[in-house]
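Colleague: Could you walk me through this model and show me which definitions stand behind the terms?

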Amino acid sequence: MSSDQGRARRNPDRAGGGHRPLARVPHRRQHAEGAEQAFVIGVLASAADFERARAWGVTDAADFDRYLAETAELLADALERFDTVRARMFHPQDFAEFCLLHGLDPAEPTARDRYLVNPPLRTQLLPYQGEELSGDFLPRLVRARENGLTLCHADLLLDGALYGGGDDVDEEHARWVRAAYQRGGEVFRRMLVGAGAGVYELRLRVDAPGGRLTASARVLQWEDGVVRINDEDMELVCAVLCAGLALELPGVAVLHGSQGSAATCGEYLPAAWAWSSGGPDWAPADRPVRMDGVAARPGYSLGTVC
């Protein structure tokens, strides 16, 4: 299965290998000057998923370890040949339901192509930049799928305006959602600025129609204010905050971790703060909060953080 700039096509296996990746573009194609060449791949994330997918003929690899090794080789080759390389988790249950919904045969390569480039799933795509596949990148693919489902829920609550859902979205409504998104990003920024240098995790929960919206993000903040956070986690946090603020939904956020830096002689102090929202603003929680086993005291006022 392959995807090149949104168009799916099937290509024969590479010589000498029995592994058929879930998606690939095996060669550069002629295109207009300045057009970006994209490579998209679906990756099986566990041995159980690998075994289930074999029934559909998506891979001939002998086992999951060999599958990962061959997929890593394919990704490395793609980095040298394409402008953009992206990956997403190939989830067998999601794929089976997609095929049932659209009347497709899961054993047909075209079904896998359509599943891979399905627009509602674009939020699950991650850029690949040479990370070790079996290290941090594979868990990130799993989280990206979970995050993507939450993003779709948030977008649905906002009538498709979170991701510019086509011609049906009213421009005034879209501006309202964009403003809420910016406010959500500012809330997150003030939480981090107030915390100062350290290593933290944000846990966020918003009670919404159709089910709770949740997000989490690991953050490393240096003493000069530079922040390291995965892009997909940042997007999810801002989207959940956006939905909560736009629809004035109740929510709770906990930021916890180790406060401090090497500049303070390596002195790190445990810290945990909590905020809540019942409407258009976030404020320190009015009482101590426990979320996912983390106990937090009421946080600092975000209005005092520049």
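Colleague: Which residues of helix 3 are buried?

Modeller: In helix 3 (residues 92-102), P92, D94, F95, F98 and C99 are; buried means under 20% relative accessible area, exposed over 50%, partly exposed in between (1.4 Å probe, protein chains only). Helices (H or I, at least four residues) and strands (E, at least two) are DSSP runs, numbered from the N terminus. This is a predicted model, where local features need pLDDT of at least 70, side-chain atom pairs count only at pLDDT 80 or more, and totals for chains, interfaces and linings use all residues. Residues are numbered from 1 along each chain as its sequence is written, and side-chain values use heavy atoms, with hydrogens and water left out.

Colleague: What do the buried residues of helix 3 pack against?

Modeller: Helix 1 (47-54), helix 4 (109-116) and helix 5 (133-157), where contact means heavy atoms within 4.5 Å.

Colleague: What makes a set of residues a nonpolar core?

Modeller: Its members are buried Ala, Val, Leu, Ile, Met, Phe, Trp, Tyr and Cys residues joined through side-chain atoms within 4.5 Å. In the largest, with 42 residues, L204, L255 and W282 touch the most other members. Helix 7 (231-247) gives the most to this core, with 9 residues. A second, separate core of 34 residues includes F95 and F98, both among the buried residues of helix 3.
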